[in-house]
Amino acid sequence: MNCEEAKDLILESLTGTTPPDRRRVLVTHLEDCSSCRREAAGMEHTMAMLRAAPEPRLPEGHWAEFMNALDRRVALDMTGWRRLIRLLRTPRIAWGAAAGTSVVVVALGFALFVQPFAGSERAADESQVDLSGVVTESVVQSLPSMSTALTSWKAGLSAPDVSYELISVGGK
Amino acid sequence: MDAEDQALVEAFKRGEDSAFTALVIKYREQVYRIARRMLHGHEDASDVAQDVFIRVHRALPGFRGRSALKTWLYRITVNLCLDYARRRGSRDVLTGLKELEWEPALNDNPVEEAERNELARTVRGAIDVLPPRQRAMVVLRVYQDLRYAEVARIMGCAEGTVKATMFAAMGKLRKTLAPLAESR
């Protein structure tokens, strides 16, 4: 070990973090090197003085005051949006919010995509013509050629309140 | 990360505000003492300690646990102390020395107490003339007993840099404290 390496180790060894094998190497070096020995003694003394300096004293009731002041500051710091973000970040609320959002998305999807088709079916139903008052027996009898047209018409547009029998009578 | 710290962080994330109080109670003393050693004035140290916990409260929901909570807390503390010292200027911070009160001696012997106060004053003065980053490293290494690797993580530099800086700081402290050492 040279003097440079020894100086690194001296500082490290002062707080007892040097592994025993490296400490042994340092001790061997210090036995042979008077300059490093002086350096080590000086450092050791300085460290001892630093550690001997008393700890700062806290005023009576300091922590109670500190906690009260901190609580007040935290409450002031938690403005509306920060409180909301904090609330949304908590897992239970986050899952709840996710579930709520999913419900809203499904409901919106239903309203936007499913309802229009349902509406068009209803519109188609509403567009059917009520023929009950128009296609009477006398009309069928007077226009026998309508029978074929009526049959295909029923198959296509299916006027529900025109009885098949009535059409059949017309077809004879 | 320490299991207890992890449990407290998780509890806070679940919305338990009492977990934050528990964290403050666990670390307030260490945070305050770092600030006090770096800034000296009680009021300044107390203000900085509060700022530290306000920042922790804001940032804790996003804390991923990549570093230990203690390391993270100490980093915030050191950075706020450095900012504070920079804002106020070293001259102002030094005037804060005058308001210092220190732990009373275990016995009431006035001579011993006077010696302790003299030592405390000299050590404070010696630490105070160090550049802020050196001062921070000395406080973390000597008074918080942190390993070089931990100091490096807190200071955001390489372990080798911490060792070199500490060596330089100890050299300066040795020179400043030499007269007192000779008289003892």
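These legends walk you through close-up views of a predicted model.

**View 1. Chain A is built from helices, with 9 of them and 0 strands.** Follow chain A along its sequence and you will read the pattern α-α-α-α-α-α-α-α-α. Of the 172 residues in chain A, 12% are buried. Take the contacts in chain A between residues at least 6 apart in sequence: 59% of them join residues at least 24 apart.

**View 2. Helices α1(A) and α2(A) pack against each other at an angle of about 120°.** Here you are looking at residues 3-14 of chain A, which form α1, and residues 20-32 of chain A, which form α2. Their axes lie 10 Å apart. Angles from 65 to 115 degrees count as roughly perpendicular and those over 145 as roughly antiparallel, so α1(A) and α2(A) are oblique to each other. The crossing in which α1(A) passes α2(A) is left-handed.

**View 3. A closer look shows the residues through which α1(A) meets α2(A).** From α1(A) come A6(A), L9(A) and S13(A).

**View 4. Chains A and B meet through 31 residues from chain A and 34 residues from chain B.** On the chain B side, the elements giving two or more residues are α2 (17-39), α3 (42-59), α5 (110-128) and α8 (159-183) of chain B. Look out for α8(B), which gives the most to this side, with 9 residues. Sorted by class, the side of chain B that touches chain A has 17 nonpolar, 12 charged and 5 polar residues.

Conventions: Residues numbered from 1 in each chain as written. Chains lettered and ligands numbered in written order. Predicted model: local features only at pLDDT ≥ 70, side-chain atom pairs only at ≥ 80, totals over all residues. Contact = placed C-beta atoms within 7 Å. Helix = DSSP H or I, 4+ residues; strand = E, 2+ residues; numbered from the N terminus. Nonpolar A, V, L, I, M, F, W, Y, C, P; charged D, E, K, R; others polar. Axes fitted to C-alpha atoms, helices over the stretch in contact; angles between N-to-C directions. Parallel < 35°, antiparallel > 145°, perpendicular 65-115°, else oblique. Left-handed = near helix turned anticlockwise from the far one by under 90°. Buried ≥ 20, exposed ≤ 12 C-beta atoms within 10 Å, placed from the backbone.
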